[in-house]
Amino acid sequence: MKATGIVRRIDDLGRIVVPKEIRRVLRIREGDSMEIFTDIEGEIILKKYSPIGELGNVAEQYAESISQITGRITIITDKDSVIAIAGSPKKTIKGKKISKRLEGILVNREVVRGDSTRIINIVDNESIDQGEQVICPIVSDGDVIGGVIIAVKLGDKGITEVEEKVAIMASNFLGKRMEV
């Protein structure tokens with residue numbers, strides 16, 4: 001754990017204010033849910049809640065299945081970070097924050113098909129050597145909770161209509177799975 005040097009008082013309703021600087025760095029917005037943990041030493045740990053994060057193993061297996069069938073790079077994200085990646089030797093992006101550009105696409109609920117001249121980086125300052133891609137938001141109970149990205153490896157043929165439909169189907173499936 002990293003000390004911030006910031007001290008806050010609890011008000012009469014038991015509330016505590018998370019400083020603006022910390023909210024900005026961690027991308028915590030008004031209305032976001034926080035998960036509360038405690039440990040043996042009496043510490044309270046707040047973590048931004050990720051509903052799709054609960055599907056970690058399922059997301060990994062689902063991404064792996066899509067990648068095996070299509071032969072493409074498959075990535076599943078929540079609203080903030082990469083949850084699963086398959087079909088790429090660059091698994092170092094798992095757990096990293098998604099790029100602001102990708103976050104904007106997901107928030108706008110767009111299905112975006114990018115060619116090799118308009119690649120959207122999954123995470124900032126790190127490439128996964130991809131060509132064309134299709135990005136589909138995962139929507140559950142009316143809220144965007146993440147995204148499914150299918151991308152081709154550099155030098156491979158582009159995204160087909162079938163792969164675009166697979167990405168849409170995967171995002172719909174994961175969205176419905178979260179509603180149950």
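In which loop is the place of arginine 109? In this predicted model, arginine 109 sits in the loop between helix 3 (100-107) and strand 5 (112-114). This briefing moves from that loop to other turns, then to the paired strands, and finally to a pair of packed helices.

**Loops and positive phi values**

- Most residues other than glycine have a negative phi, and most peptide bonds are trans.
- Because its relative accessibility is 56%, aspartate 141 counts as exposed.
- Glycine 42 also takes a positive phi, near 85°, and it belongs to the hairpin of strand 1 and strand 2, which has 5 residues between the strands.

**Helix 3 and arginine 101**

- Arginine 101 has its place in helix 3, and, leaving aside its neighbours within four places in sequence, it is in contact with Arg118, Ile119 and Ile120.
- The C-alpha atom of arginine 101 is separated by 9.0 Å from that of aspartate 124, a residue 23 residues apart from it along the chain.

**Strand 7 and its partners**

- Strand 7 (residues 143-153) is largely enclosed by the rest of the structure, because 9 of its 11 residues are buried.
- Strand 6 (residues 130-140) pairs with strand 7 in the antiparallel sense over 9 bridges, and within this pairing cysteine 136 has valine 148 of strand 7 as its bridge partner.
- These strands, strand 6 and strand 7, form a hairpin with 2 residues between them, and the turn contains aspartate 141.

**Threonine 74 in strand 3**

- Threonine 74 lies in strand 3 and stands opposite isoleucine 150, which is in strand 7.
- With a relative accessibility of 0%, threonine 74 counts as buried, because the cut-off for that word is under 20%.
- Leaving aside neighbours within four places in sequence, the contacts of threonine 74 include Ile149 and Ile150, and among them are also Ala63, Ile66 and Ser67.

**Strands 1 and 2**

- Strand 1 (residues 34-38) and strand 2 (residues 44-48) run antiparallel and are joined by 5 bridges.
- One example from this pairing is methionine 34, whose bridge partner in strand 2 is lysine 48.

**Helix 2 against helix 4**

- Two packed helices are described by the angle between their axes and the distance between the axes.
- Helix 2 (residues 56-70) packs with helix 4 (residues 161-179) at an angle of about 165°, and their axes are 12 Å apart.
- That angle makes helix 2 roughly antiparallel to helix 4, because angles over 145 degrees are counted in this way.
- The crossing in which helix 2 passes helix 4 is right-handed.
- Helix 2 contributes Val58, Tyr62, Ile66 and Thr70 to the contact, while helix 4 contributes Glu163, Val166, Met169, Ala170, Phe173, Leu174 and Arg177.
- When the residues of this contact are divided by kind, 8 are nonpolar, 1 is polar and 2 are charged.

Methods:
Residues are numbered from 1 along each chain as its sequence is written. This is a predicted model: local features need pLDDT of at least 70, side-chain atom pairs count only at pLDDT 80 or more; totals for chains, interfaces and linings use all residues. Side-chain values use heavy atoms; hydrogens and water are left out. Axes are lines fitted to C-alpha atoms, for helices over the stretch in contact, and angles run from 0 to 180 degrees between N-to-C directions. Helices (H or I, at least four residues) and strands (E, at least two) are DSSP runs, numbered from the N terminus. Angles under 35 degrees count as roughly parallel, over 145 as roughly antiparallel, 65 to 115 as roughly perpendicular and the rest as oblique. A crossing is left-handed if the near helix is turned anticlockwise from the far one by less than a right angle, and right-handed if clockwise. Contact means heavy atoms within 4.5 Å. Ala, Val, Leu, Ile, Met, Phe, Trp, Tyr, Cys and Pro count as nonpolar, Asp, Glu, Lys and Arg as charged, and the others, Gly among them, as polar. Buried means under 20% relative accessible area, exposed over 50%, partly exposed in between (1.4 Å probe, protein chains only). Two strands pair if DSSP finds at least two bridges between them.
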